[in-house]
Amino acid sequence: MQKLVVIGAGMASGRLLEQIIAANPAAYDITLFNAEPRGNYNRIMLSPVLSGEKSYGEIVTHDDAWYAENRITCRFGEKVVSVDTDRKVVIGEKGEVPYDKLVFGTGSSAFIIPCPGHDLPGVVAFRDLEDTTAMTEAAGKPGARAVVIGGGLLGLEAAAALRLRGMEVTVLHISTHLMERQLDPAAGYLLKKDLEKRGITVMLEASTKEIVGNGRVEQVNLADGTELPCDIVCMAVGIRPSVKLAQDSGIACGRAIKVDAQMRTQTPDVYAVGECVEYNGALFGLVAPLYDQAKVLAKTLLDEEETFVMRELSTKLKVTGCDLFSSGDFAEGEGREDIVFRDPARGIYKRLVIENDRLIGAVMYGDTADGNWFFGLIKDATDISDIRETLIFGPSFQGGAQVDPLSAVAALPPEAEICGCNGVCKGNIIKAIEAGATDLGAIKATTKASASCGTCTGLVEQVLSVTLGDDFVLPAAQPVCGCCDLTHEDVRRLIKVQELKSQEAVWQELGWKTRNGCHVCRPAVNYYLLADWPLDYTDDPQSRFVNERNHANIQKDGTYSVMPRMWGGMTTPQELIAIAQAAEKYGATVKVTGGMRIDLLGIQKEDLPAIWYDLNQAGMVSGHAYTKGLRTVKTCVGKDWCRFGTQDSTGLGIKLEKKLWASWTPHKVKLGVSGCPRNCAEATCKDIGVICVDSGYQVSVAGAAGMDVRETERLVDVATEDEVIEWTTAFVQLYRENAKYLDRAYKWVAKVGLDWVKETLADDATRRALVERFDISQSVYQVDPWAERAQPAEAVKFHPLADLTKEAAE
Amino acid sequence: MNWIDIGHIDDVPLRGARQVKTKVGCLAVFRTGETEVFAVSNLCPHKGGPLSEGIVHEQKVTCPLHNTIFDLNSGESLGVDEYRIDTYPVRVEDGRILLDRDAIAQRSAA
C-alpha cells in the first residue's frame, strides 16, 4: 500500500481524508501530523465556542474513534522538523516517516502586529482552541474588558462573542469602515451601528501604538493618545499562510505554496491544500474554496481527473442580529453601474453592481433574504437587462414596492424634536393631528411647531402626510438634488434631531439614492455636519469645491490666485515687501481688491505651498478669499485719523476679523465697520455692518451688493465693542446653524424673518450659548490652512503624482 | 499591455484625483473606491477645466469650472451638452497604480 503523509489537521486536510477514505479506504496507508495536540475540528465554529453557545465537543469533525476506525496513524502535538524530498521522508520530532505522496495542509497563522508589547501574556489571536480558552478565562472576571484589534470578519465575531460573555469590548479598526474587504462604507456604517447597539465600542481609523502591562496585558495605547485599559487583547488583523516548512524543504513558494489546478506543487509527489496554497496568484481564507481544493486533491491522489476552478464567493457574518451579505465584485472594476436602495425606517441598505447587463456584485444589510438569489445571478452571469428596473426588489417583486420618500421621517421616534425653536417633538405633532389639527395652520396654532423661523415646515408637513396618509396632500418641495427627496431645511433639521455625525449616517438614515451623493449635495452635507458637530465630524476635503480644497481661487486657465489676510485692511512695509518679493518670485499679476487686500494672480498649483510658506514667514495667513466663510472686514481709518470719526472703527474691525476668521459658513460672509454715518467702509451693504456713532454702535445685518443689492437692516444698537463682538458672533453662529447651504445671510434672514432673528438673539442666555458654540467650533477650525499645507509632507500632494514626459517620448 | 508604475494607491485621496504629466498633456488619475481607479485626460473639452480638481461622486467627476459631469467609465458627459474625454487603461496591483505605457504613447502619436 502506498504511504500518504499529511502535515496539518485543519479543515481542508480533514475534508481530504474523508474524501479519500470514502472513495477507496484501501488506497493509502495514512499518517497525519498536527502541531496542535488534537485532530480535525471545525475552526470556523470557534465563535460560538467563544460565546458559549457551543462546546468544543460539538465542533469536533473527526474524533479519535474515527481515526482508529480508518487506521490513520495520528502524530498529534508533534511538530514536523523538516522534509527531505530526495529521500522522500518527513522528519518529525519523534522520528522519520517515509512517504510516497506528501500533502502540505499547514494552513495559516494569525498575523500579529509587531508593536511593543505584542508578546505580553494576555495578547492572543483567534485561530485555535488555545486562543479561545484564554479569552474565555479572561471573560470570567467580573467587569473584564477586552480590546479586539481588527474589524474584519474574525475580529467582529470575536468581539460579539466576548460581549455575549459579558465583557466590555472595544474594537479597533485601522480602516474608515468595518469589514472593508466585504462591505462598502454604507453597509459598514449600519454594521457599526448594530454592534454599538449591543454595547460594543467601535473605533475606526484607530492605530495601535503599543500594548503595555507589568508582566501581563493591562492597557492598549493608540497613536492618537487614547488609552484603553483591558484584561485581554485579541489580535484579528489577518492571516498569513504557514509556508516556512515548505520553503525550507525547497518547495516553490510565492506568497504561499504554489500549486496547479490539480493541487500539485512543483516538486514531484508533493501536494498542498487549504490556506497554505497559492493558485493563480490568489490566496484562500474562506472555507468554500478550501473544500473544493480538498475534493480536487482527493481525486488527484486517486489518479482521477479533476480541475480546481475558482468560484464566486459570498460572505455572511456569524453574529446574531447583524444581517449582512456580500458577494462578487463591488469595489473594483470599470464600466459598472450601481443600483442603490435604502430604507431608513427598517435599517435596510442594498446595492447592486451591474456591468454589461450582468450582476457582478451585491452588498446588503438589514434584509438579506434575497442574497442567494442575487448570488445565483452573479454566479451564472445571467442577463438582467429585462428585469433591471425592479431587480433590487428581489425575485418576489410584484410591481408595487417603491422607495418611500417619507421613509426618513416615518423612521423618527416620537421624542424626535421637529421644531427646534419651540421644542416640539414628533409625538406632540401626531397627538395634535389625532386631536383634529389636520393642516399646517392648525398644527402651528395648536403646537407652535414651525411657527417661529419656519425652517422645519417641510418636516411638519411630512409628519402630517405620514400620519394622515392620502388625506393630506404634501406640497411639492425642492429637494437638495436628485440624490434625495428632502429639502436642505429637512436635511439640516434631521441631522440635528437624529444626531447624524457622518456622511454615511446621512446617506443611510435620510434615504439617499446614490452611493456618496454628488457635487451638489455633498458639499452641503459636509458643511452641515461640520457646523453641527465640530468635535465629532472631520471635514472632508473631497466634498469641497476645488477652491476650498486647495485653499486658493482657481482661475479660468487653471492657475490660482493667492490672497493673504490684511487684518481690517491694515498692513506694514515688511508685509508689502514680502508680498512684492513673492509676486516676483512666482510670476504673479498683482491686483488690489475691493476687500482691501492684495491679490496675487496666476500662481501654478505646484507653487502654492511654497508661496504660502514665504508669506507665512512674513507673518501673514490665508485671507480665505476662496471660502464660504469669513472674507474681509472692511474698515475706515476711524477716529485715530479722521476728523469725523466717532470710534476706533479700524481697531474694532480687526477684533471682529480675529474673532471670526477661518470659520466656515453657509456662504461667504463680509463685514464692514464705518467710523461714522458717512459710512466710508460701505458697511450697510455687507452681511453684517457696524456704524459707529457717538453713543456707541449700530449693528445691522442682511445687506447685499452682488446680484442683489440690499441695504442692511438694524439688528441692535449697543454701547460697547464687546457687545458688538458678542452680537455679531451670535448672529454668525445662528446663520451657521440654520441657513441653507449657499444662502447668503440676506436670503436666509428673508426666509426666517428678521423679527425671529432679533427675538432669538435678544435672549441673553441664547446669545451667549451661540457664542459658546461658535468658540467650540473655532477651537477646531481657527487654524491657518496655508501653514498646515506648506509642510513638506502636505506640499507634495500639490504636485503631479508622476511625470511621464520622458516615458512618453520613448 | 506594457504597464508602468506611477505611484501608490494611497497617494490618491479616496474620492479624489491626482495629475500625471505626460509629454502631450496631463492625465487625471481618479480614485473612486478603496481600490477603484480611473485614468482620463485632465482637460475638460468645454473650457479646459482641470478635471482632477473636480468633485468625485460614484464613478463620475464634476468639472470644477462649469459643472459638466463626466462618466469616468465611458468618458462621456452627462446632460445637454455632449463632450467626450479620452479614457486610459489603468489598474491596481499590490497597492500600486499601473498605467499602460502603450496607450499613452498612442496618445502622443495621435
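**Figure 1. Ser108(A) sits in strand S8 of chain A, which spans residues 108–110.** This view, like the others here, comes from a predicted model. Is Ser108(A) buried or exposed? With a relative accessible area of 13%, Ser108(A) is buried, because buried means under 20% relative accessible area. Setting aside neighbours within four places in sequence, Ser108(A) is in contact with Arg127(A), Ile239(A), Arg240(A), Pro241(A), Ser242(A) and Glu275(A). For a sense of scale, Pro229(A) is 121 residues away along the chain from Ser108(A), and their C-alpha atoms are separated by 30 Å.

**Figure 2. Strands S10 and S11 of chain A run parallel and are joined by five bridges.** Strand S10 covers residues 145–149 of chain A, and strand S11 covers residues 168–172. Which residue of S11(A) is the bridge partner of Ile149(A)? That partner is Leu172(A). Four of the five residues of S11(A) are buried, so this strand is largely enclosed by the rest of the structure.

**Figure 3. Helix H15 of chain A, residues 488–497, is mostly covered.** Eight of the 10 residues of this helix are buried. They are His488(A), Asp490(A), Val491(A), Arg492(A), Arg493(A), Leu494(A), Ile495(A) and Val497(A). What covers them? The cover includes helix H14 (457–468), helix H16 (503–509), helix H17 (521–532) and helix H22 (721–738) of chain A, together with strand S26 (417–419). H15(A) is followed by Glu499(A), which has a positive phi near 50°.

**Figure 4. Two stretches of chain A carry the UniProt annotation "domain: BFD-like [2Fe-2S]-binding", taken from an unreviewed entry.** The annotated stretches are residues 418–464 and 480–529. In residues 418–464 of chain A, 53% of the span is helix and 9% is strand, and the end C-alpha atoms lie 12 Å apart. In residues 480–529 of chain A, 52% is helix and 0% is strand, with the end C-alpha atoms 15 Å apart.

Figure 5. Where is Asn356(A) found? Asn356(A) is in the loop between strand S24 (348–355) and strand S25 (358–365) of chain A. His624(A) lies in the loop between helix H20 (608–617) and strand S32 (630–635) of chain A. Their surroundings are worth a look too. Asn356(A) counts as exposed at 64% relative accessibility, whereas His624(A) counts as buried at 4%.

**Figure 6. Residues 628–764 of chain A carry the UniProt annotation "domain: Nitrite/sulphite reductase 4Fe-4S", from an unreviewed entry.**

**Figure 7. Five strands from chains A and B form an open sheet with mixed pairing.** What is the order of the strands? Their order is S39(A)-S2(B)-S3(B)-S4(B)-S9(B). The edge strands are S39 (802–803) of chain A and S9 (87–88) of chain B, each pairing on one side only. Within the sheet, strand S3 (residues 25–33) and strand S4 (residues 36–41) of chain B run antiparallel and are joined by six bridges. Gly33(B) has Glu36(B) in S4(B) as its bridge partner. UniProt, in an unreviewed entry, places the feature "domain: Rieske" at residues 3–99 of chain B. Over those residues the chain is 0% helix and 51% strand, and the end C-alpha atoms are 5 Å apart.

Figure 8. The C-alpha atoms of chain A fill a box of roughly 115 × 70 × 60 Å along the principal axes. Of its 810 residues, 54% count as buried. Among contacts in chain A between residues at least 6 apart in sequence, 62% join residues at least 24 apart. Chain A has an accessible surface of about 34200 Å², and 49% of that belongs to carbon and sulfur atoms. There are 87 positive and 111 negative side chains in chain A, and the centres of the two sets lie 3 Å apart.

Conventions:
Residues numbered from 1 in each chain as written. Chains lettered and ligands numbered in written order. Predicted model: local features only at pLDDT ≥ 70, side-chain atom pairs only at ≥ 80, totals over all residues. Heavy atoms only, no water. UniProt positions renumbered as here; feature names shortened; annotations may be inferred. Pairing = 2+ DSSP bridges. Helix = DSSP H or I, 4+ residues; strand = E, 2+ residues; numbered from the N terminus. Buried < 20%, exposed > 50% of the residue type's maximum accessible area, 1.4 Å probe, protein only. Contact = heavy atoms within 4.5 Å. Areas by Shrake-Rupley, 256 points an atom, 1.4 Å probe, with all protein chains shown as cover. Lys, Arg positive; Asp, Glu negative; His and termini not counted. Charge placed at Lys NZ, Arg CZ, Asp CG, Glu CD.
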